Amino acid sequence: MHIGLGELLIELTLMPLVAFIVGMLMVLMMRRVGARLQRRVGPPFFQPLYDIIKLHSKETQISHGLIHDIGIIMAVGGYIAAETLLPVPGMNGIAEKGGLITLLYVMMIPSLGLALGVGQCANPNGSIGISRALTAMLAYDIPFVIVMAGVAFIYGTTNLVEVINIQQEGGIAAWGAVQMPFMALAGLFALQGMLGKQPFEVYVAPAEIATGPMVEMGGKYLGGLFVMQCFQLYTASVLYVTLFLGGGENWLFLLLKAFAVLLIPISIAFLFPRFKTDDLVRLMWKWPVLLGLIGLVLINYR
Amino acid sequence: MKEFPVPVQTAEDPSVKKQSGNIFSNVFDELVRFAQSRSLFMLHYCTGCGAIELPPAMTSRFDMERLGIQPMVTPRQADILLITGYVSVKTLKRVILTYEQMNAPKYVIGICSCTVNGGMYWQSYATAKKLNDYMPVDLYIAGCMPRPEAVISGLRQLMEKIKIGEANSWQDYFKRYDYYLGNQQRLFGETWQTPTDIIGESKHYSLHTPETEGEHTRLLELHQRPLEPLEMRLGLSEKTEDR
């Protein structure tokens, strides 16, 4: 498929914008589900938007230096770049040029940007938080990479557009989750780690290290991180849908699938306490890796 | 009876009714104020018995989150500083340090009668009696202790104040820093200083008035020691090695 430059520019603008709006709905869903599980009413519909507007309208602001500013821009920008590599119905952006491996790299930029920004704050809680975040990244990236390898192996390509096409042409029987259930299970572990939700919520830990990387972030910085959270939820769930649930035939199905996928980590998150960092690494390198390797072996005997 | 200066601003103050002729910017300001009133991050400094009334206000019975109020853990992230009970002199230092770290617009709420007038600790040598001597307080919720309903109705009043743009008492701390600093020095001694440069910030945010500086800030400059960054070192400190 060949598209003109103007059309491409529109797509590159629209894809992050749509991702942001859907991401805000996902944040809303996360908070509503948490509230319902705790038998509360939960926040109103526009609450994520109010939070972001409020944080960006703070009148005094403390910056700890240039890297602090750049770190937040990297954290949000990394995800904006990731959205353009993630094909959605009707819009492919630069997904065909990028592919799975580029996306894997781009999705690490936010964590690194956050690490840079938090590093300059020189807050001990922030430093502990970011060291935990990078350790957690190391933990969940091993099963994640195994899953990526399995996906690339089974579809014979790392091009996400083709991955979606192959799954949609074959129907439900060709979906990644049916073809490689062990991989899909390992992917769920990686998804939970990637979102940093409760059993693996080592680096936020509000009661222990005062929200870790976010400890010195106020006003616009925290607003940037709230925007990042919207993108993060969207990217992780849509990537999972793309790899295992056949992508989206149209927007309705894509959103249904993405929200359903996101419901799994969210419901788990509000029911469990969290692991210690070393326990997280041990668990991540044991069970999901084992599942992923079994999945890799089974792919050969399909 | 002695007249106390009232630090809370009223709507008659010309700095509050600042509306430009541009209708779009007015609409934008209104939107921002609405969002600010509907999203309040709360840092509760739970000093006294009033803290016990907050969990029911936050959890399933009264659920503050439906009003957009949620707890936050650090002063940088928070909008509301909630002081729930008596403040001892030692605690007040921490409260002021916390307050100065918050990003404006910031609101202080004093819960329980102890923050209003000392309450049952009136005769105590170790408690600060009126919170608004040391920092501008937006709202008091009186009672010993106020029930969660009272806390929530107080918070709704604050939301109304923010929506009409009257919750500006944070500017008062910059505009009349000398007054607050004087009260702080009376309690903590002449050498009291905080890491935050309020005078510099008031100039930066153009909130500097003749009352920002005065005899108390001159006293502060006399005693002020420049802040030095903490030394970062890995491994054992020298003290431990000596042993």
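**Figure 1. Residues that meet between helices H10(A) and H14(A) in the predicted model.** From H10(A), the contacting residues are Phe182(A), Met183(A), Leu185(A), Ala186(A), Phe189(A), Ala190(A) and Gly193(A). Their counterparts in H14(A) are Met284(A), Trp287(A), Pro288(A), Leu291(A), Gly292(A), Ile294(A), Gly295(A) and Leu298(A).

**Figure 2. Crossing of helices H10(A) and H14(A).** H10 spans residues 181–195 of chain A, and H14 spans residues 277–300 of chain A. Their axes come within 7 Å and cross at roughly 150°. Because angles over 145 degrees count as roughly antiparallel, H10(A) is roughly antiparallel to H14(A). The crossing is left-handed.

**Figure 3. The largest nonpolar core.** This core comprises 141 residues, and those with the most contacts inside it are Leu86(A), Leu81(B) and Met135(B). Helix H12 of chain A (residues 220–244) gives the most to the core, contributing 17 residues. From chain B, the core draws at least three residues from each of domain 1 (32–167) and domain 2 (168–226).

**Figure 4. Surroundings of Leu81(B).** Leaving aside residues up to four places away in sequence, Leu81(B) touches Leu43(B), Tyr45(B), Thr98(B), Tyr99(B), Met102(B), Lys106(B) and Val108(B). Leu81(B) is also among the residues with the most contacts inside the largest nonpolar core.

**Figure 5. The contact between the two domains of chain B.** Chain B is divided into domain 1 (32–167) and domain 2 (168–226). The C-alpha centres of these domains lie 22 Å apart. Domain 1 of chain B supplies 18 residues to the contact, and domain 2 of chain B supplies 13 residues. On the domain 1 side, helix H3 of chain B (residues 89–101) provides the largest share, seven residues.

Note on methods:
Residues are numbered from 1 along each chain as its sequence is written. Chains are lettered from A and ligands numbered from 1 in the order in which they are written. This is a predicted model: local features need pLDDT of at least 70, side-chain atom pairs count only at pLDDT 80 or more; totals for chains, interfaces and linings use all residues. A nonpolar core is a set of buried Ala, Val, Leu, Ile, Met, Phe, Trp, Tyr and Cys residues joined through C-beta atoms within 7 Å. A residue is buried if 20 or more other C-beta atoms lie within 10 Å of its own, exposed if 12 or fewer, and partly exposed in between; C-beta atoms are placed from the backbone. Helices (H or I, at least four residues) and strands (E, at least two) are DSSP runs, numbered from the N terminus. Domain bounds come from an automatic or database domain assignment. Two residues are in contact if their C-beta atoms, placed from the backbone, lie within 7 Å. Axes are lines fitted to C-alpha atoms, for helices over the stretch in contact, and angles run from 0 to 180 degrees between N-to-C directions. Angles under 35 degrees count as roughly parallel, over 145 as roughly antiparallel, 65 to 115 as roughly perpendicular and the rest as oblique. A crossing is left-handed if the near helix is turned anticlockwise from the far one by less than a right angle, and right-handed if clockwise.
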